[in-house]
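Take a look at the structure, then read on.

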Amino acid sequence: MQQKYWQNQKHARNITEDKLVLKADMHIHSTISDGSYTMEEIVAAAEKKGLDAITITDHDTFSHALKLPKSSKVKVCAGIEISAFDYD
């Protein structure tokens with residue numbers, strides 16, 4: 001099912017009958033948490049590097065999910081990094 005979805009997307013490449021290869025960074029923090037770059041700067045850098053997909057995974061918030069920049073070159077996804085503390 002996943003392959004069928006990506007076959008129609010311009011973000012995918014190197015598709016064979018049984019394989020799909022994507023260049024992706026699936027763990028990026030923006031200035032919404034402790035990152036150094038805005039979401040727009042992150043997307044621009046991903047486009048420049050030729051990535052197919054990225055996921056912005058800020059700490060303990062999903063507030064950025066509705067504000068993701070659009071890109072015709074990179075699939076931009078929202079994620080979250082949940083903090084877990086061991087208080088022992």
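Q: In what order do the elements of the protein chain run from the N terminus on?
A: This is a predicted model. The chain has 2 helices and 3 strands. From the N terminus on, they run α-β-α-β-β.

Q: What is the strand order of the open sheet?
A: The sheet has 3 strands with parallel pairing. S1 (24–28) and S3 are its edge strands, each pairing on one side only. Neighbouring strands are turned by 15° against each other on average, direction ignored. The order is S1-S2-S3.

Q: What angle does the direction of helix H2 make with that of S2?
A: Helix H2 spans residues 39–49 and packs on the sheet. H2 touches S1, S2 and S3. Its direction makes an angle with that of S2 of about 150°.

Q: How many bridges join strand S2 to S3?
A: Strand S2 covers residues 53–59 and runs parallel to S3. Within this pairing, Ala 53 stands opposite Lys 75. The number of bridges is 7.

Q: Is Ala 78 buried, partly exposed or exposed?
A: Ala 78 lies in strand S3 (residues 75–81). Its contacts beyond four places in sequence include Thr 55, Ile 56 and Phe 62. Buried would need under 20% relative accessible area, and exposed over 50%. Ala 78 has 26%, so the residue is partly exposed.

Technical notes
Residues numbered from 1 in each chain as written. Predicted model: local features only at pLDDT ≥ 70, side-chain atom pairs only at ≥ 80, totals over all residues. Heavy atoms only, no water. Helix = DSSP H or I, 4+ residues; strand = E, 2+ residues; numbered from the N terminus. Buried < 20%, exposed > 50% of the residue type's maximum accessible area, 1.4 Å probe, protein only. Contact = heavy atoms within 4.5 Å. Pairing = 2+ DSSP bridges. Axes fitted to C-alpha atoms, helices over the stretch in contact; angles between N-to-C directions.
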